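Subject: Structure handover and notes

Hello,

The structure you asked about is below, with its sequence. My notes come after it.

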Amino acid sequence: MSKHKNLLARVLTSIFLIGALLVGMFMLPQWLWGLMLILPITMVAVEYSRLFGWDQKLRVGFLLTIVGLCLVPFLLFDQFNELVSVIGMVISWAAVLFWMLLVPFLIRYRFQTKNYICNAVIGILVIVPAWFGMVGLHTYPYALLGVLVGVWLVDIAGYFIGREFGKIKLLPSVSPGKTREGVLGGFVSVCVYGLGLSLAFEHVFTMAQWILFVIIVFAFTAIAVLGDLFESFLKRSSGVKDSGSILPGHGGMLDRVDSMTALLPFSFLVIQMFVS
């Protein structure tokens with residue numbers, strides 16, 4: 001009975017979150033969408049700060065820094081869109097370099113530190129670029145929806161394919177349930193998803209476009225997995241199973257957006273490159 005209740009809670013929570021996302025992406029102006037996203041970003045920041053056992057003063061300082069950085073575009077309200085785009089580009093590049101160069105090192109060598117400044121900077125690079133990515137991509141709501149669906153496909157396909165066919169553990173000391181077969185399943189699912197979209201819009205890829213597409217999907221999948229692994233690494237280092245319990249059936253907000261925090265800056269840069 002408890003399993004059925006948990007499943008029902010997960011489903012209802014997912015329906016509510018997806019509904020809120022769709023309304024925000026397609027019906028709200030960009031500035032109001034950004035303001036709405038301050039709440040989940042705040043929740044993620046609170047959960048992140050708890051992983052390190054910071055006292056109240058340090059947690060409040062970190063939280064105010066995160067919210068303050070996200071509120072910067074509101075200071076010049078008549079230039080909100082331009083500020084989100086410009087700041088988003090700069091901070092997204094910093095985040096992509098962080099995810100691709102530093103995070104694998106941190107996970108590989110199990111790097112841990114009690115230094116507040118170091119962990120706070122990492123938290124900023126994890127959380128703030130995700131807000132700018134979500135707000136910046138509001139200009140292209142269908143592209144943003146496509147990115148979110150891709151993230152969900154990587155997670156869902158990775159889970160089910162890994163459970164059914166997974167034999168080789170990816171990094172058991174960090175995430176015991178994640179397998180190489182599951183990661184491959186996520187990659188293939190996003191490839192099929194992209195192919196389906198191209199056929200739906202009657203766009204035939206050239207050979208060069210196919211090569212670029214596969215490279216982007218490979219990077220997309222790899223960064224999504226990095227986001228998942230990094231959050232698992234942080235939780236395991238802190239000795240907790242979930243980052244929180246605010247979402248019924250799902251755990252914490254950070255548990256639900258781990259891959260998104262890594263992928264949104266990357267997706268923002270890629271989409272900007274193709275539309276500009």
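This is a predicted model: local features need pLDDT of at least 70, side-chain atom pairs count only at pLDDT 80 or more; totals for chains, interfaces and linings use all residues.

Residues are numbered from 1 along each chain as its sequence is written, and side-chain values use heavy atoms, with hydrogens and water left out.

Fold

The protein has 9 helices and 2 strands. Helices are DSSP runs of H or I with at least four residues, strands are runs of E with at least two, and both are numbered from the N terminus. Read from the N terminus, the order is α-α-α-α-α-α-β-β-α-α-α. Of the 276 residues, 45% are buried. Here buried means under 20% relative accessible area, exposed means over 50%, and partly exposed lies in between (1.4 Å probe, protein chains only).

Salt bridges

The structure contains 2 salt bridges, each defined as a side-chain nitrogen of Lys or Arg within 4 Å of a carboxyl oxygen of Asp or Glu.

- D228 pairs with K178, with 3.2 Å between the closest N and O atoms. This bridge links distant parts of the chain, since D228 sits in helix 8 and K178 in strand 2 (residues 175-179), 50 residues apart. D228 and K178 are both buried.
- K235 pairs with E231 at 3.7 Å, N to O. Both belong to helix 8 and are 4 residues apart, so about one helical turn separates them. K235 has a relative accessible area of 11% and is therefore buried; E231, at 4%, is buried too.

Cavity

Searching the whole structure gives 1 cavity of 30 Å³ or more. A cavity is a set of points, on a 1 Å grid over the protein atoms alone, where a 1.4 Å probe fits but cannot get out; lining residues have an atom within 4 Å of a point. Grid points are joined across faces, edges and corners, and the volume is the space filled by probe spheres set on the points.

The largest cavity has a volume of about 60 Å³. Its lining consists of Y48, W99, V126, G227, F230, E231, L234, L254, D258 and T261. Helix 8 and helix 9 (253-275) each supply at least two of the lining residues, and helix 8 gives the most, with 4. By class, the lining has 6 nonpolar, 2 polar and 2 charged residues. For this count, Ala, Val, Leu, Ile, Met, Phe, Trp, Tyr, Cys and Pro are nonpolar, Asp, Glu, Lys and Arg are charged, and the others, Gly among them, are polar.

Surface patch

L195, L199, M207, W210, I211, V214 and I215 form a nonpolar patch on the surface, together about 670 Å² of accessible area. Helix 7 (180-200) and helix 8 (207-238) are the elements that give two or more residues to the patch, and helix 8 gives the most, with 5. Patch residues have over 30% relative accessible area and no salt bridge, and nonpolar side chains (Val, Leu, Ile, Met, Phe, Trp, Tyr) are joined within 5 Å. The areas come from the Shrake-Rupley method with a 1.4 Å probe, and for residues only the protein chains shown count as cover. V214, in helix 8, is partly exposed because its relative accessibility is 36%.

Single residues

- R110 lies in the loop between helix 4 (80-108) and helix 5 (116-136). Its phi is near 50°, a positive value in a residue other than glycine. Most residues other than glycine have a negative phi. R110 is partly exposed, at 34% relative accessible area.
- G239 is in the loop between helix 8 and helix 9 and is exposed, at 68% relative accessibility. G239 and L51 are 188 residues apart in sequence, with 8.6 Å between their C-alpha atoms.
- G146 is in helix 6 (residues 141-165) and is buried, at 18% relative accessibility. Its C-alpha atom is 9.4 Å from that of Y193, 47 residues away along the chain.
- F74 is in the loop between helix 3 (56-71) and helix 4 and is buried, at 18% relative accessibility.

Regards

Conventions:
Patches are made of residues with over 30% relative accessible area and no salt bridge: like charges are joined within 9 Å, nonpolar side chains (Val, Leu, Ile, Met, Phe, Trp, Tyr) within 5 Å. On a 1 Å grid over the protein atoms alone, a cavity is a set of points where a 1.4 Å probe fits but cannot get out, and a pocket is an open set with protein on both sides within 12 Å along at least five of seven lines; lining residues have an atom within 4 Å of a point.
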